[in-house]
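Please keep the sequence and the model open while reading.

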Amino acid sequence: MESEQLFNRKGYYRNSYNSIASASSDEELLDGAGVVMDFHTSEDDNLLDGDATSPGSNYVMSNGGGVMSSTTHLLDFLEEPIPGVGTYDDFHTIDWVREKCKDRERHRKINAKKKESAWEFTKSLYDAWSGWLVVTLTGLASGALAGLIDIAADWLNDIKEGVCLNAMWFNHEQCCWGSNETTFAERDKCPQWKSWAGLILGQEEGPGSYIMNYFMYIYWALSFAFLAVLLVKVFAPYACGSGIPEIKTILSGFIIRGYLGKWTLLIKTVTLVLAVASGLSLGKEGPLVHVACCCGNIFSYLFPKYSKNEAKKREVLSAASAAGVSVAFGAPIGGVLFSLEEVSYYFPLKTLWRSFFAALVAAFVLRSINPFGNSRLVLFYVEYHTPWYLFELIPFILLGVFGGLWGAFFIKANIAWCRRRKSTRFGKYPILEVIFVAAITAVVAFPNPYTRQNTSELIKELFTDCGPLESSQLCQYRSQMNGSKAFVDASPNKPAGPGVYAAIWQLCLALIFKIIMTIFTFGLKVPAGLFIPSMAIGAIAGRIVGIAVEQLAYYHHDWLVFREWCEVGTDCITPGLYAMVGAAACLGGVTRMTVSLVVIVFELTGGLEYIVPLMAAVMTSKWVGDAFGREGIYESHIRLNGYPFLDAKEEFTHTTLAREVMRPRRSDPPLAVLTQDDLTVEELQGIINETSYNGFPVIVSKESQRLVGFALRRDITIAIELCYPTQARQAPTLCIGSAQAEPLLWILPEHMQSERRAGKNARRKQEGILLTSRVYFTQHAPTLPADSPRPLKLRSILDMSPFTVTDHTPMEIVVDIFRKLGLRQCLVTHNGIVLGIITKKNILAHLEELKEHTEPLASPWYYHKKRYPSSYGPDGQPRPRQHNVQLVTAFPGRQADEEESEEEVVNLLDGRGSTL
């Protein structure tokens, strides 16, 4: 019987509701106090569940209902699924273990029924293929939306400078495709395209035309920015920002209702186009991951396998994030690695395959749309034909150092500004802030051609190697013939002309401008990605370094470092390659990505021989950035927003124990617990109403104090309200399934009320439940007097196997358990007696505290001592050490020379508010 009760799986699958009667987070499960401990308690005299037949009781019970006595018809409560099972409230963490158990049980049922009939076999095939169907739909939608965003953003960006007279829906480049009046030097000028000065003033040149174009540029930039922030503020506040920090948090198991909804998808798609067209220092690549995850979340609701299981849904979101990066950079393999390395918390092998397939479908759809007209997936696709040489590793590594320094500086500056925005009145006016930043950006950006143009076009120009078809100012030194800009010699090894030097000065000003404005732009209440601005900063720095090395090789080709491989007249330096390496280094310094970043940039270039320079620069940027702080920009924003995210890449090297982190503390109230068969309905209701905890340990009795299980507040609330509704106190026998119990539906969410009404006739009811009815969590009813009201059985909502650790468990083990199993809470026990609880919130607070009080590693023998002193004293200061041994000072009210064998007492608060 004991093994049967311990492995009663039916109750285990129903043990993780979230609170519907309290708005508190599940991270605030229990908050009590560690008090004096008593380990000398009496042994348990009775089994947890008692006998099958209790003498003197009118209730005869068996497992699962069984035979009733003739005097009372008692049915097990909650034998059938009830509304609310498997759902979570907003800003709560899912129970990964329970969700995986639910999925395994569902899979076993499908396999058991598939041989019964052809229909059941068809349903099993549909269930098996539903994962591939949902990622296919996600890939199709992601690719289509990405193509639409690219086309619309390019068109609106050119609207700031002029309009196509023949067809307003053509951008500048498309408008001049069919013109026969363009020249090689001015290929972007054609009669069909009119600037705003030409339309309004009738002239294209002159000071008046420049001022008019300047004014219209600022007007359109402010209009697009204002419309974007207004739509976000009014319709979808979750549509702002990059979205990747929140996606990482959601994939770790946190619930943010509406963040991946249809309204967020619609508004994010529209406002992303407006934000990019406004000229702000932001990109669309990061938000495309959010857009793809919205598609995956919406399509997952078409399949019950994913809509009813939060853990399975996160597998779809991991595949969707891979599809988002695939269409953002035209890098399907890089998207899969990005999902694995950067955003995913749980990534099984089948998710890897489906992520690869989703990225493939999304890239295929985007390639079919061909938004840029170059048969490529991205605007800045380039190919290099010149090999790199060993000496060039030195400037590549220097670019990596620059990328690491830039990343560390940007993270600290941006987080400081975002924190100031949150703590001052300036953050209360997001529309004014966006308009102010957009105005400064437009005013400063227009005079410089490298800041006026779209950032993706700037990166394309910096990446591109000079050749016969290039008319850029950066290539003037290679194309000089009779005063024209035609290409003369295949040898690029020529001195730089005035245009190159002028371009370098403009690039230096653009670099300073991009650095400053990106710090203040990332975090605005508009969709804002960070990939493209970071790559632009690195590309500018890399192009400047590449030109410098190229001119150094030309003027000093007889130096030892150039003599062997860079002969006169040979093409030995590629400035565009330096721009690409610099872009990867700066993006790696900001995000701290490594493998996925190298693969993404490699897919942009299509050349295997440039893998080593990219790896060297990216690893150098990561090392330099980690020297100033191990957190990337996304982890920093997660911590800034207070999301409960345990980073798997962060190491725990401290010597604290579970008893030092658990709640309650000595100065806190006692731990609130429930006894397994001593409480009444009224007392249980009092506990629910007087506390805000989201769960309660259940113990055997006052005398034993041994742990039986764990009951969540949501389970208890639903059980009490369905069998003893608050509105029906005049009719205390009302319970779920009775027609008179309809008023209690107010406590359930709307999506559960329909289920409740549809299945109310199939529900069982318990009659005779009163305020004085005994509540028990055991398998069988306790012994009660003959005139006692019927007891209320809540065993099926009890988690009989909660995760527990002893009070001397090192915290590094506890942290690993939380990370790898995705726990919400863990109970701390000593010899089976519950002492306290550790939640993810407690661990995050402890990690934050340890960052401020860093202590050295202890000796190995430290972990094998019977007792461990607290790392910090009552005043919050680290305890003194002598010869690497921590000195223990006396606790308040205790003797300093207390023996380790001295007995301690544990005070637990029972349901009546008295000390057990």
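The side chains of Glu99 and Lys102 form a salt bridge, with an N to O distance of 3.9 Å. A salt bridge here is a side-chain nitrogen of Lys or Arg within 4 Å of a carboxyl oxygen of Asp or Glu. Glu99 and Lys102 are 3 residues apart in helix α3 (residues 96–113), so about one helical turn separates them. Glu99 is buried, at a relative accessible area of 0%. Buried means under 20% relative accessible area, exposed means over 50%, and partly exposed is in between (1.4 Å probe, protein chains only). Helices (H or I, at least four residues) and strands (E, at least two) are DSSP runs, numbered from the N terminus.

This is a predicted model, in which local features need pLDDT of at least 70 and side-chain atom pairs count only at pLDDT 80 or more, while totals for chains, interfaces and linings use all residues. Residues are numbered from 1 along each chain as its sequence is written, and side-chain values use heavy atoms, with hydrogens and water left out.

**Confidence and overall make-up**

The chain has a mean pLDDT of 76, and 74% of its residues reach 70 or more; pLDDT is the predictor's confidence in each residue, from 0 to 100. Residues 1–79 have pLDDT below 50, and this stretch has 246 contacts in the model beyond near neighbours in sequence. A contact means heavy atoms within 4.5 Å. Residues 479–492 also have pLDDT under 50, with 22 contacts beyond four places in sequence.

The chain has 916 residues, of which 56% are buried. Its secondary structure comprises 31 helices and 16 strands. Of the contacts between residues at least 6 apart in sequence, 75% join residues at least 24 apart. The accessible surface is about 38,800 Å², and carbon and sulfur atoms account for 61% of that area. Accessible areas come from the Shrake-Rupley method with a 1.4 Å probe; for residues, only the protein chains shown count as cover.

**Salt bridges**

The structure holds 17 salt bridges. The table gives three of them.

| Pair | N to O distance |
|---|---|
| Glu99 and Lys102 | 3.9 Å |
| Asp150 and Lys284 | 3.6 Å |
| Glu310 and Lys313 | 3.7 Å |

Asp150 and Lys284 are both buried.

Glu310 and Lys313 are 3 residues apart in helix α12 (residues 310–329), so they too are separated by about one helical turn. Glu310 is buried at 8% relative accessibility, and Lys313 is buried at 3%. Elsewhere, salt bridges that share partners join Arg98, Glu99 and Lys102 into one network.

**A covered helix**

How many residues of helix α8 (residues 244–251) are buried? The count is 8 of its 8 residues, including Ile244, Glu246, Lys248 and Leu251. The buried residues of α8 pack against α3, α10, α12, α13 (332–343), α20 (531–555) and α25 (633–641). After α8 comes Gly253, with a positive phi near 115°.

**Backbone details**

Most residues other than glycine have a negative phi, and most peptide bonds are trans. Arg592 has a positive phi, near 65°. Arg592 sits in the loop between α22 (575–591) and α23 (595–605), and is buried at 5% relative accessibility. Asn831 also has a positive phi, near 55°. Asn831 sits in the loop between β12 (825–830) and β13 (833–839), and is exposed at 54% relative accessible area.

The peptide bond from Arg663 to Pro664 is cis, with omega near 15°. Pro664 lies in the loop between α26 (658–661) and β3 (671–672).

**Cysteines**

The structure holds 0 disulfides, a disulfide being a pair of cysteine sulfur atoms within 2.5 Å. For Cys295, the nearest cysteine sulfur is that of Cys294, 6.9 Å away. Cys295 is buried at 2% relative accessible area, and Cys240 is buried at 17%.

**Surface patch**

Phe121, Leu125, Tyr126, Trp129 and Leu133 form a nonpolar surface patch with about 530 Å² of accessible area together. Patches are made of residues with over 30% relative accessible area and no salt bridge; like charges are joined within 9 Å, and nonpolar side chains (Val, Leu, Ile, Met, Phe, Trp, Tyr) within 5 Å. Leu125 is in helix α4 (residues 118–159) and is partly exposed, at 41% relative accessibility.
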